[in-house]
Amino acid sequence: MTETKISTELLRSFPDNIQLPNSNGTTETNNEIDFPDHTQLPESDGTFVKNFQEHPQSIILTDSITPVLQRIHPDGEYAIGQDCGIYWRKTEPPEQGAVSPDWFYVPNVPPLLDGEYRRSYVLLREKVPPLIALELASGDGSEERDKTPLSQTSEGKKIKPGKFWVYEQIIGIKYYGIYEIISGRLEVYQLINGRYQQMSPNERNHYPIESLGVELGLWKGNYENQKMLWLRWWDAEGNLLLIGNERAEIEKARAERAESELEKALLVQKKAISQLLAIGLTVEQVSETINLSVEEVQEILQ
């Protein structure tokens, strides 16, 4: 059984009227004008999340990098997808023309479309590829490393392309990370001259994502009652980017420390005031000596 490969260069350019062979002998057209928008396309292909870590892991990734993205995009023009479909070609049924990274970030696109939340990301219409996509592999990562190209047999049966090939050859995602949850293995690829090259970690065992000024790596800790290795972001100096509850705990600790330091300072002032009064100074003289108002001195003594 022979295979006929579809031209990668033609698919990447997304011009109007590209004719893609169907298994029934007819053709399909990748035409951005004719292609449905996100409100007309299925938002699910009927599958379900494959593990209990995927949802909290996505929250960690989004929560911790949000302050960075807000600095990069003060206008708010960016979108983050979590297990959402990216439609890259026209098929029947439509969901067969989509891939769904577990987490991805698209720069310079509105988070809402015409005031409506996004149900999917239609690349054929918006033309802006994600900068980074991350896959959380429940198995050995073979599905996420699948390089099978879009092709069909001599009998007209279409062969499903692999995610790796679609991300690399069609969508053109600049950074692609594969995290095997069970083994704790992380691989990150960078698109260079149209091909993914596996990156080497730096001295901190992190992978620099230079376009964002951050690093991606693994952090061992407890989150949502699950102690495991989590994908986390660090800044370029190696400081962990915190999630909301971590930031809140730090602010609470700072406030408590400041309150404690204030109490200590008040005790020192109170002792000094008492000593000055004991040697015969008036309250007015004490206030001038320690550069406080009479009211402040009297309040400290209470």
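Colleague: Let's start in the core. Is tryptophan 233 buried or exposed, and what is its relative accessible area?
Modeller: Keep in mind that this is a predicted model. Buried means under 20% relative accessible area. Tryptophan 233 falls below that cut-off, so it counts as buried, with a relative accessible area of 0%.

Colleague: And how do the rings of tyrosine 223 and tryptophan 230 sit relative to each other?
Modeller: Tyrosine 223 is buried at a relative accessible area of 11%, and tryptophan 230 is buried too, at 0%. Their ring centres are 5.7 Å apart, with the planes at 90 degrees. Planes over 60 degrees apart count as edge-to-face. That makes the pair of tyrosine 223 and tryptophan 230 edge-to-face.

Colleague: How many aromatic pairs does the structure hold, and what kind of pair do tryptophan 103 and tryptophan 233 form?
Modeller: The structure holds 10 aromatic pairs. For tryptophan 103 and tryptophan 233, the centres are 5.8 Å apart and the planes make 55 degrees. Stacked needs under 30 degrees and edge-to-face over 60, so 55 degrees leaves this pair as tilted.

Colleague: Which strands does that pair link, and how many residues apart are tryptophan 103 and tryptophan 233?
Modeller: Tryptophan 103 is itself buried, at a relative accessible area of 1%. It belongs to strand S7 (residues 103–107), while tryptophan 233 belongs to strand S19 (residues 226–235). The pair therefore links distant parts of the chain, 130 residues apart.

Colleague: Which ring does the charged end of lysine 147 sit over?
Modeller: Phe164, Tyr167, Tyr176, Tyr189 and Tyr196 form one aromatic cluster. The charged end of lysine 147 is 5.0 Å from the centre of one of those rings, and sits over phenylalanine 164.

Colleague: What about arginine 232: whose face does it lie over?
Modeller: The distance to the ring centre is 4.6 Å, and the cut-off for a charge over a ring is within 6 Å. The ring under arginine 232 is that of tryptophan 219.

Colleague: Switching to helices, where does H2 bend?
Modeller: Helix H2 (residues 54–72) has 19 residues and spans 26 Å from first C-alpha to last, close to the 27 Å expected. Even so, the helix bends by about 45 degrees, with proline 67 following within four residues of the bend. The residue at the bend is threonine 66.

Colleague: How many residues of strand S14 are buried?
Modeller: Tyr175, Gly177 and Tyr179 point one way from S14, and Tyr176, Ile178 and Glu180 the other way. Both groups are buried. For S14 (residues 175–180), the count is six of its six residues.

Terms used:
Residues numbered from 1 in each chain as written. Predicted model: local features only at pLDDT ≥ 70, side-chain atom pairs only at ≥ 80, totals over all residues. Heavy atoms only, no water. Phe/Tyr/Trp six-rings, centres within 6.5 Å; stacked < 30°, edge-to-face > 60°. Helix = DSSP H or I, 4+ residues; strand = E, 2+ residues; numbered from the N terminus. Buried < 20%, exposed > 50% of the residue type's maximum accessible area, 1.4 Å probe, protein only. Lys NZ or Arg CZ within 6 Å of the ring centre and 35° of its normal. Expected span 1.5 Å × (residues − 1). Bend = angle between axes of the 7 residues up to and from the residue.
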